[in-house]
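I opened my notebook to work through this structure step by step. Here is what I looked up, in order.

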Amino acid sequence: TVLWHWCFSASLQTTKSVTSLSATTNDSTLRQFLAILSQPLFFHGGAHGAGGIMMGAGRHKPMVPAMLIEGGANLALSVWLIPTMGIAGVAWGTTIPSIVSSLLFWPWLARNALGVPVASYVETVRLRAWIAAAPFSLVTYAVERFWPATTLAGFFAQVGVCLPLILAAHWWVCLRPEERMTITSRLAAVRHRLQRMRLDRS
């Protein structure tokens with residue numbers, strides 16, 4: 001979820017930098033295309049996390065027809081929208097089925113396959129992650145506005161400056177105290193093990 005919200009925020013806010021670094025002559029079209037395609041990333045975090053859990057629990061069979069339906073709707077919408085919207089129609093044909101699947105299918109599957117209430121799913125996977133991503137989005141927007149990237153290295157520097165913020169926000173907003181304690185203890189155990197290995201080698 002952290003990764004997908006970072007991808008959404010970064011891709012949505014930095015489309016101007018990406019298009020300015022590209023070789024295309026129609027930056028506005030490419031910028032619109034990327035902005036449309038980035039929208040499903042706002043919802044993909046929960047979908048991919050739930051999908052991994054379903055596969056690990058051996059309850060992934062309903063995912064197959066859902067993905068086939070989403071793929072068919074993607075193709076049909078893209079073909080239908082191309083004559084009137086051009087390349088933006090292809091982007092919307094991909095975006096709309098993906099968002100509908102994330103909003104409707106995955107909460108239903110989590111409830112029926114794992115017994116997770118829809119309200120709990122929405123709070124944990126959606127609301128907390130969105131709140132945690134908000135500071136990163138604002139800072140990314142400010143960086144994009146006042147420090148526009150002119151080179152590829154500058155673009156990655158932008159992302160690198162903003163990345164610690166989303167990690168810190170997700171750490172405090174998305175994780176419960178016991179989860180933070182568990183992660184901290186495991187990291188301490190790994191550090192202790194590495195120190196012992198270094199001492200044994202010396």
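This is a predicted model: local features need pLDDT of at least 70, side-chain atom pairs count only at pLDDT 80 or more; totals for chains, interfaces and linings use all residues.

A helix here is a DSSP run of at least four residues, and helices are numbered from the N terminus.

**Entry 1: the whole chain**

I counted the elements next. The protein chain has nine helices and zero strands. Along the sequence, the pattern reads α-α-α-α-α-α-α-α-α. I then asked how much is buried: 32% of the 202 residues. The accessible surface comes to about 12,300 Å², and 70% of it belongs to carbon and sulfur atoms. I also looked at contacts between residues at least 6 apart in sequence. Of these, 70% join residues at least 24 apart.

**Entry 2: the rings**

How many aromatic pairs does a search of the whole structure find? I got two. Phe105 and Trp106 form an edge-to-face pair, with 5.1 Å centre to centre and 75° between the planes. The angle counts as edge-to-face because it is over 60 degrees. Phe105 also pairs with Trp108, and this pair is tilted: 5.9 Å centre to centre, 35° between the planes. Together, ring pairs link Phe105, Trp106 and Trp108 into a cluster.

Buried or partly exposed? I checked Trp108. Its relative accessible area is 41%, so Trp108 is partly exposed. Phe105 has 16%, so Phe105 is buried. Trp106 is buried too, with a relative accessible area of 8%. The cut-off for buried is under 20%.

**Entry 3: the cores**

I looked up the largest nonpolar core. It has 12 residues, including Phe105, Trp106, Leu109, Tyr121 and Val125. Which elements give two or more residues to this core? They are helix H4 (41-57), helix H5 (63-85), helix H6 (87-114) and H7. H6 gives the most, with five residues.

Leaving aside neighbours within four places in sequence, Leu109 is in contact with Met54, Pro62, Met63 and Leu114. Another core lies apart from the largest one. It has five residues, among them Ala133, Val143, Cys162 and Ile166.

**Entry 4: helix H7**

I tested the length of H7, which covers residues 118-146. At 1.5 Å a residue, its 29 residues should span 42 Å. The end C-alpha atoms are 41 Å apart, which agrees. Where is the kink in H7? I found it at Ala134, shortly before Pro135, and it is about 30°. I listed buried residues of H7 as well, including Tyr121, Val125, Arg126, Phe136 and Glu144.

**Entry 5: Cys174**

I ended with Cys174. This residue sits in the loop between helix H8 (152-173) and helix H9 (177-201). Is Cys174 buried or exposed? Its relative accessible area is 19%, and buried means under 20%, so Cys174 is buried.

I then listed what Cys174 touches, not counting residues up to four places away in sequence. The partners are Arg128, Ala129, Ala132, Ala169 and Glu179. Ala129 and Ala132 are also among the buried residues of H7. Last, I checked Leu127. Cys174 and Leu127 are 47 residues apart in sequence, but 9.2 Å apart in space, C-alpha to C-alpha.

Technical notes. Residues are numbered from 1 along each chain as its sequence is written. Side-chain values use heavy atoms; hydrogens and water are left out. The expected span of a helix is 1.5 Å times one less than its number of residues. The bend at a residue is the angle between axes fitted to the seven residues ending there and the seven starting there. Buried means under 20% relative accessible area, exposed over 50%, partly exposed in between (1.4 Å probe, protein chains only). A nonpolar core is a set of buried Ala, Val, Leu, Ile, Met, Phe, Trp, Tyr and Cys residues joined through side-chain atoms within 4.5 Å. Contact means heavy atoms within 4.5 Å. Rings of Phe, Tyr and Trp (its six-membered ring) pair if their centres lie within 6.5 Å; planes under 30 degrees apart count as stacked, over 60 as edge-to-face and the rest as tilted. Accessible areas come from the Shrake-Rupley method with a 1.4 Å probe; for residues, only the protein chains shown count as cover.
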